[in-house]
Amino acid sequence: MKSLEDYGPDTSPYELFEHLYNRVISRSIRSFSKLMEYVSALPRTEPNLRVFRKIFHLIKELNWGVFAPLDEKEFPGLWKELVLPFSGIPGTGDLKRNTSISTVYAAILDIHGYSAFCLKNRRNLSMLMLLDECIQEDIRRISKNFGTLSWRSEGDAIILISDDPRGISSAAVNIADYFSRRRIVKSKKLQESRIVHKIILPDMAVSAGIAGGRAYTPLVITRDGDISGDIINTAARLQGFANTLAPTETKILATNHVVHQLQKERPGAESDLLDEVGYFNLGRFQFKGMEITVFEILFRNSQKEKLIYQGHLLKLYSAIEKERWRDLIFTSLVNVFARVISSARQIKIGEVSRSELLNKCSRALKLYKSGTDYHRPIAILRELRESLAHLRNADPILGIYTDQILEKYSMIEHQFHDYLEKHLPEMINKFLDLPQRDLFLKASKSREIYDQLKQKGLDEMMKENQKYTWYRIIDEERETLSSRIHIGKK
């Protein structure tokens with residue numbers, strides 16, 4: 001059968017299949033709608049419909065790329081969102097190539113230790129094949145258990161797509177559990193998904209970012225079946241951020257839209273893993289080209305300990321949002337440190353006792369609020385930042401906030417000091433007695449004496465409430481002081 005013109009009553013289904021098969025293999029037909037347009041003159045007999053369905057699966061395998069496993073029965077939600085069904089032949093259709101949808105979610109996962117494992121076993125092909133089989137087969141089955149489609153990308157990266165925020169989040173946590181020797185999930189489904197004895201694989205951490213759930217989110221499916229768009233870019237940014245925060249530990253981050261859906265009440269729904277997790281608000285961040293409110297999904301009890309100081313962090317976020325550089329940003333940040341330190345199960349933090357660090361917090365707050373000394377509280381804040389390396393219960397996000405806030409206050413501090421020096425000569429008569437004034441004027445010949453007297457004058461100026469000057473410098477630099485915390489390149 002060379003063309004459809006040769007089709008007749010005696011044409012067998014095999015002959016028809018062979019002809020259509022060759023058309024698809026030669027790329028003359030790339031979509032099911034084109035196929036049905038091509039065979040529109042043929043009768044819709046049951047044998048012919050069976051041929052069309054088989055050719056549909058061939059079209060999927062060759063042209064749907066990573067979406068080739070998509071099936072109406074196994075992934076009904078994704079099928080509804082991503083496929084244009086063909087009327088009259090259930091279970092067939094065309095993959096949407098460019099769409100804006102609010103009910104599709106994406107996650108990107110990165111396996112820490114993958115490269116080291118491959119390097120260590122570079123001469124052991126069976127171990128390399130085992131790891132590949134784990135990622136290709138086990139992870140696909142785990143994801144499928146939660147109505148989530150998964151595939152491998154760029155070596156150790158895994159991409160998940162789902163229409164259900166609970167499904168994709170559960171899949172991410174279960175995959176993290178799969179690569180961990182510390183059990184996170186007690187799940188029969190998870191155990192059934194393992195095709196190998198997990199004990200032979202090393203403990204591997206996973207960093208993950210989950211995005212989606214925003215109205216009119218653009219998703220582009222390329223001609224070869226790959227994906228791009230805001231939802232993938234956002235998930236990638238979050239995965240990279242998770243890796244930055246915890247390069248050796250498992251961390252799963254999600255956007256506020258995802259977490260909002262996860263926190264919705266589900267009357268009558270069966271309890272699942274996500275009913276036991278916590279959500280830690282990391283704040284609002286500017287990534288390259290986007291601004292996102294980020295949450296961490298806390299699936300281990302040890303992770304949930306930091307919820308103790310979540311309320312203090314929220315006050316800091318609010319102060320940053322309102323650009324309260326005069327007062328609340330500094331005091332809120334020190335209060336966060338005080339709460340973290342007081343909740344730490346450590347008598348000594350580095351070389352300093354916990355009580356001593358708490359006293360430093362109190363002293364910094366008192367000095368800053370007094371308006372008589374701004375240098376010392378900023379110096380104490382730097383000391384508190386150094387203590388983070390020894391605070392086991394402190395989230396790495398506190399270091400990011402502190403570094404960027406200190407950068408701004410250091411700029412203000414520098415300008416504040418310049419202002420005092422500039423106005424020092426006119427204030428000499430007020431703060432130095434007559435012999436000291438005479439000595440000050442002659443001191444240019446002796447730099448050491450001059451510096452001592454200048455410092456005395458500056459100290460005296462500071463004792464006189466300098467809030468007005470400090471606030472004025474902040475107000476003048478308002479445009480320089482950002483109300484956002486930046487991650488990565490600006």
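Tutor: Here are some questions and answers about how parts of this structure are described. Keep in mind that the model is predicted.

Student: What makes up the secondary structure of the protein chain?

Tutor: The chain has 18 helices and 15 strands. Of its 490 residues, 49% count as buried. Among contacts between residues at least 6 apart in sequence, 67% join residues at least 24 apart.

Student: Let's take some helix pairs. Why are H1 and H3 called roughly parallel?

Tutor: H1 and helix H3 (residues 46-63) pack at an angle of about 25°, with their axes 10 Å apart. Angles under 35 degrees count as roughly parallel, so H1 and H3 are given that name. The crossing of the two is right-handed.

Student: Which residues of H1 and H3 meet?

Tutor: From H1 come Pro13, Leu16, Phe17, Leu20, Tyr21, Val24 and Ile25. From H3 come Pro47, Asn48, Val51, Phe52, Lys54, Ile55, Leu58, Ile59 and Leu62. This contact of H1 with H3 divides into 14 nonpolar residues, 1 polar and 1 charged.

Student: And how do you know that H13 and H14 are roughly antiparallel?

Tutor: Helix H13 (residues 354-370) and helix H14 (residues 375-387) pack at about 150°, and their axes are 9 Å apart. Angles over 145 degrees count as roughly antiparallel, and therefore H13 and H14 are described that way. Their crossing is left-handed.

Student: What makes the contact between H13 and H14?

Tutor: On the H13 side it is Leu357, Lys360, Cys361, Arg363, Ala364, Leu367 and Tyr368. On the H14 side it is Arg376, Pro377, Ile380, Glu383, Leu384 and Ser387. The residues of this contact of H13 with H14 are 8 nonpolar, 1 polar and 4 charged.

Student: Now for single residues. Why is serine 150 called buried?

Tutor: Its relative accessibility is 7%. Buried means under 20%, so serine 150 counts as buried. You can find serine 150 in strand S5 (residues 149-153).

Student: What is serine 150 in contact with, leaving aside its neighbours within four places in sequence?

Tutor: Serine 150 is in contact with Ile139, Arg140, Ser143, Ile159 and Leu160. Arginine 140 is 10 residues from serine 150 in sequence, and their C-alpha atoms are 5.6 Å apart in space.

Student: How do you know that the side chains of serine 150 and serine 143 are joined by a polar contact?

Tutor: The distance between them is 3.3 Å. A polar contact needs N or O atoms within 3.5 Å, and the pair of serine 150 and serine 143 is listed as one.

Student: Where does leucine 84 lie, and what does it touch?

Tutor: Leucine 84 lies in strand S1 (residues 83-85). Not counting residues up to four places away in sequence, leucine 84 touches Thr92, Gly93, Asp94 and Lys96. Leucine 84 and aspartate 94 are 10 residues apart in sequence, with 5.1 Å from C-alpha to C-alpha.

Student: What is the phi of arginine 27?

Tutor: Arginine 27 has a positive phi of about 70° and is not a glycine. Most residues other than glycine have a negative phi. Arginine 27 is in the loop between helix H1 (13-25) and helix H2 (32-38).

Student: What makes arginine 27 partly exposed?

Tutor: Its relative accessibility is 34%. Buried is under 20% and exposed is over 50%, so arginine 27 counts as partly exposed.

Student: And why is glutamate 323 called partly exposed?

Tutor: Glutamate 323 has 27% relative accessibility, so it also falls between those cut-offs and counts as partly exposed. Glutamate 323 lies in the loop between helix H11 (310-321) and helix H12 (328-343). Its phi is near 60°, a positive value in a residue other than glycine.

Technical notes. Residues numbered from 1 in each chain as written. Predicted model: local features only at pLDDT ≥ 70, side-chain atom pairs only at ≥ 80, totals over all residues. Heavy atoms only, no water. Axes fitted to C-alpha atoms, helices over the stretch in contact; angles between N-to-C directions. Helix = DSSP H or I, 4+ residues; strand = E, 2+ residues; numbered from the N terminus. Parallel < 35°, antiparallel > 145°, perpendicular 65-115°, else oblique. Left-handed = near helix turned anticlockwise from the far one by under 90°. Contact = heavy atoms within 4.5 Å. Nonpolar A, V, L, I, M, F, W, Y, C, P; charged D, E, K, R; others polar. Buried < 20%, exposed > 50% of the residue type's maximum accessible area, 1.4 Å probe, protein only. Polar contact = N/O pair within 3.5 Å; in protein donor to acceptor, adjacent residues only side chain to side chain.
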